[in-house]
Structures are given as structure tokens and as C-alpha cells.
Amino acid sequence: MIRWISQHGHAFMRALGQLVSTPVTSLLSIIVFSIVLSLPAGIFILIENLREISGQATDTQQMTLVLDTAARQADIEQINTRLEALATIEGFQFISKEIALQELLQESGMAEVMRNLGENPLPDAFVINLGSMSASEIEQLQAMMQAWPNVAHVLVDTDWARKLDALLDVARLIVIMLASVFGTALIIVMFNTIRLQILTKRDEIELSKLIGATDSYIRRPFLYFGAIQGLAGAALAWLLLYFAITQLNEVLTELARLYATTFSLNPLSLRDSLILLLLSATLGWIGARWSVARHLAQIDQESTIS
């Protein structure tokens, strides 16, 4: 075990030495990794933040029962009794047309316009808290209430969140496809990077094989080199995304303030950050292994022929 650890430690140090000895080439490869990783990771961050907003909206689902303007007090009490008998809803609140008018005047500043109308044009309404109902349950409830007498409209306030959630599912699939394409591109980039290293060290590799070095011994430093570059590329991508989110949040904070709300983008979680680092290191390792295996087989074939 000590010997195995020593061999891997030696290979790791050789990989670091190779990175230091070719700083420009290594830095360019790391930058390429970070740029390619930043696009799907950035889209993923945006999707997760939008999904969080959608989830918050659907967790507090509401339905508005708008009554006919001709509804009387007896009709309101009848609907109130029907709502009290529903065990599937979490609760409801009656908003009279007078209260609705007062809120409208306070929020919109349309006092003069409303006075000119002569009478209150707003209807009475019930705001119903649905809790965490499924989409089918909400549709059934909406159809049932729409058939009640003196009910003009039944509005579901979170339809937009459901549509957004469906769009986010499509967007997540697109991110997976982009990540697959970009991941393949990163493997090819690492393949070519390792190929150039092998070509510059071909004589050293051939000499090592002549004195008994195994393919694993020769291959190990290149694998560490690929994994380290992938890891460094992911770390740089994380820093770029964090800086971009910080700058965007400054703008979004001011924009949200104008709408009397709060909103900010969350960076990658700890779990997602670790996945990004591990995935990038794995892609670098795969590209390096593919390149080394191919070129070692080519060297063995040429040695056999000669």
C-alpha cells in the first residue's frame, strides 16, 4: 500500500511539474475548460433559480372566486357555506367590493377616476388557499365552482408558475444536451493536449518501456495532468459564475426594489459545485486516458514492426 501511494504521489508531482513547465499551454487549456463549462452551468443556475420561484408560487396556490355583480348577500352566504364544507381547501377569505375598491384606490391612485364612475364597478370575491393540490385536483375544483350560481369567474393565480415549471423541464433537458456536447468537446481538447505531450516525450516513453516500465506507470502522470486541468478549469468556471452572479444581483436588487419586492440569484449549491468539480476532473481524466491508450498502442505497434 505504501509503495502504491508513493507511486501515485510521484505521478501527481510529475503532473504538477508538467503544468508549471508549460504555463501558457496549461493556462490556455484551463481557460478553455472554464469557458465551455460556464455556459451550461450558468444556464443551470438560471433554471434552478426560476424553479425555486415557481416552487414558492405553487406551494402557496390560490384561487379567486369572482362573483357576479348582481350577487346579493344571501348568495354570498350560500357560497360561503359551500366553501366551508370543502375539506380539500386550506382556507378562504371573503373580499367585499367595498374593500376591493379601497385597496385599488390606495395602490393605484385612481381616486378621481373612480369617483367619476358614480358606482362601484368591482365584484365581490373569495380568495381560496389551495395548499399543495395537484393540477388535476385544481382543475376539477375550478370546474365545480364555475358551475355554482352567481359565480362569474374562477381564476387560478398560479397558472403562470405551472407553465413556467413545464418550460423549465424543457430547458433542463436542453442543458443536459448542451452539457453532453460540451463534455465531448472537452474530452477532445484534452485528447489533443495529451497527444502533444506524448509526442514531445516519445523518446522518454520508449526508453522507459525498454527498461521495463509498465503502461500504468507511463500513463499515470498524464491521467493526473488531465484531471488536474479539468479540476482547475471547473474552479475557474465557478469563480467566473460567482462573479457574474454577484454583479447581476446588484442590478436585480435595484430592479426588485422598484417593484417593492426582493429577488436575487443564488450561486451553485455545495452539492452542485462538487458535482461540477468532479465532472470536469473526470472529463479531463477520460480525455487523457483515451489519448495515452491510443498513442501507447501506436508506439507498441511501431516497436513490434521495427
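How many residues in the lining of the largest pocket are nonpolar, how many polar and how many charged? The views below, taken from a predicted model, start with that pocket.

**View 1. The largest pocket and its lining.** The largest pocket holds about 450 Å³ of space. It is lined by 19 residues, and those closest to its centre are Phe44, Val175, Ala179, Ile275 and Leu279. By class, the lining has 15 nonpolar, two polar and two charged residues.

**View 2. Helices around the largest pocket.** At least two lining residues come from each of helix H2 (23-59), helix H7 (159-200) and helix H10 (270-305). H7 gives the largest share of the lining, eight residues.

**View 3. Helix H1, residues 2-21.** The end C-alpha atoms of H1 are 28 Å apart, which agrees with the 28 Å that its 20 residues should span at 1.5 Å a residue. His8, Ala11, Ala15, Gln18 and Leu19 of H1 are buried. These buried residues line one face of the helix, because they fall within an arc of 105 degrees when seen down the axis of H1. An α-helix has 3.6 residues a turn, so residues three or four places apart point the same way. Ile2, Arg3, Met13 and Val20, on the other side of H1, are exposed.

**View 4. Strand E1 and its partners.** Strand E1 (residues 61-67) is mostly covered, with six of its seven residues buried. E1 runs antiparallel to strand E3 (residues 125-131), and six bridges join the two. Within this pairing, Gln62 has Asn129 of E3 as its bridge partner. E1 also pairs with strand E4 (residues 151-156), over five bridges and in the antiparallel sense. Here Leu67 stands opposite Val151 of E4.

Technical notes. Residues numbered from 1 in each chain as written. Predicted model: local features only at pLDDT ≥ 70, side-chain atom pairs only at ≥ 80, totals over all residues. Heavy atoms only, no water. Helix = DSSP H or I, 4+ residues; strand = E, 2+ residues; numbered from the N terminus. Expected span 1.5 Å × (residues − 1). Buried < 20%, exposed > 50% of the residue type's maximum accessible area, 1.4 Å probe, protein only. Arc of directions from axis to C-beta. 1 Å grid on protein atoms, 1.4 Å probe; cavity = no way out; pocket = protein on both sides within 12 Å on 5 of 7 lines; lining within 4 Å. Points joined across faces, edges and corners; volume = space filled by probe spheres on them. Nonpolar A, V, L, I, M, F, W, Y, C, P; charged D, E, K, R; others polar. Pairing = 2+ DSSP bridges.
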